[in-house]
Amino acid sequence: MKKIVALCTVAVVLFSSCAKQIESIGAKATSNLNEFVKYTIASGQHNSDKNGYAQVHYDEQKFVVKFDSSAIYTTVSSLNQKDVNKLFGFSDNNGSHHQFSARFGWRWSNNALRLFAYVYNNGALSIHEMGTVAIGAEVNCSIRVTSKEYIFTMGDKVQTMPRNSTTPKGSGYKLYPYFGGDETAPHTISIWIKEIA
């Protein structure tokens with residue numbers, strides 16, 4: 001009888017410990033929602049380390065971004081300094097992002113970090129500079145989808161861009177940080193993005 005009681009006691013302790021671990025894991029997963037995720041583009045690479053496939057259907061994509069001093073760079077060819085790197089966005093019209101997409105772009109030029117509205121419609125690229133941002137600043141960004149336009153917001157700045165997609169929402173896959181252009185990242189670049197539900 002004593003052995004049975006001892007075994008039951010051990011089982012209760014183990015169950016209690018596992019339940020606490022499961023509860024802790026659940027709390028951790030919940031706390032990671034709406035937190036910054038660090039995206040790293042390694043030296044000599046185009047793509048960031050987190051670049052998986054995620055299907056999306058957006059009325060609006062909202063996020064906060066911040067850059068550190070690794071966003072300051074000089075390209076090998078001075079002509080490439082004006083290339084726009086890709087930040088965050090989505091493909092549209094259930095097609096390739098080189099056919100239909102909307103995203104923010106960024107670059108370091110003329111001693112400033114600049115953000116851009118960056119759109120493909122039927123394979124034709126349109127780019128519009130939104131403004132400059134300070135290194136280390138948290139910048140609120142969004143891309144709202146209407147039947148005819150993308151409405152880009154960066155802080156209090158707003159820029160509309162044409163949308164030729166026929167899907168009711170921005171429908172495709174998520175687009176992640178990417179360096180280039182013709183050149184790869186000249187050194188490791190870190191970008192922090194916090195998605196807002």
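The side chains of Thr167 and Asp92 are joined by a polar contact of 3.3 Å. A polar contact is a pair of N or O atoms within 3.5 Å; within protein, one must be able to donate a hydrogen and the other to accept it, and residues adjacent in sequence count only if both atoms are side-chain atoms. The model is predicted: local features need pLDDT of at least 70, side-chain atom pairs count only at pLDDT 80 or more, and totals for chains, interfaces and linings use all residues. Residues are numbered from 1 along each chain as its sequence is written, and side-chain values use heavy atoms, with hydrogens and water left out.

Thr167 lies in the loop between strand E10 (157-162) and strand E11 (170-175). Helices (H or I, at least four residues) and strands (E, at least two) are DSSP runs, numbered from the N terminus. Thr167 is buried, with a relative accessible area of 13%. Buried means under 20% relative accessible area, exposed over 50%, and partly exposed in between (1.4 Å probe, protein chains only). Not counting residues up to four places away in sequence, Thr167 touches Asp92, Asn93 and Asn94. Contact here means heavy atoms within 4.5 Å.

An open sheet is formed by 6 strands in the order E2-E11-E4-E5-E6-E7, with antiparallel pairing. Two strands pair if DSSP finds at least two bridges between them. E2 and strand E7 (124-133) stand at the edges with a single partner strand each, so one side of each has no neighbour in the sheet. Neighbouring strands of this sheet are turned by 30° against each other on average, direction ignored. Axes are lines fitted to C-alpha atoms, for helices over the stretch in contact, and angles run from 0 to 180 degrees between N-to-C directions. E4 and strand E5 (residues 101-109) run antiparallel and are joined by 6 bridges. Gly89 stands opposite Arg103 in E5.

Aromatic rings were examined next. The count comes to 14 aromatic pairs. Rings of Phe, Tyr and Trp (its six-membered ring) pair if their centres lie within 6.5 Å; planes under 30 degrees apart count as stacked, over 60 as edge-to-face and the rest as tilted. The ring centres of Tyr53 and Tyr173 are 5.8 Å apart and their planes stand at 40°, so this pair is tilted. Tyr53 lies in the loop between strand E1 (37-41) and strand E2 (55-58), and Tyr173 in strand E11, so the pair ties together parts 120 residues apart in sequence. Tyr53 is exposed, at 62% relative accessibility. Phe88 and Tyr176 form an edge-to-face pair, 6.1 Å centre to centre with 65° between the planes. This pair links distant parts of the chain: Phe88 is in strand E4 (residues 85-91) and Tyr176 in the loop between E11 and strand E12 (189-196), 88 residues apart. Both Phe88 and Tyr176 are buried. Ring pairs also link Tyr39, Phe63, Phe88, Phe104, Phe152 and Tyr176 into a cluster.

Backbone geometry has some exceptions. Most residues other than glycine have a negative phi, and most peptide bonds are trans. Gly180 and Gly181 are joined by a cis peptide bond, with omega about -15°. Gly181 sits in the loop between E11 and E12. Asn111 is not a glycine, yet has a positive phi of about 60°. Asn111 lies in the loop between E5 and strand E6 (112-121) and is exposed, with a relative accessible area of 70%. Asn122, also not a glycine, has a positive phi of about 50°. Asn122 lies in the loop between E6 and E7.
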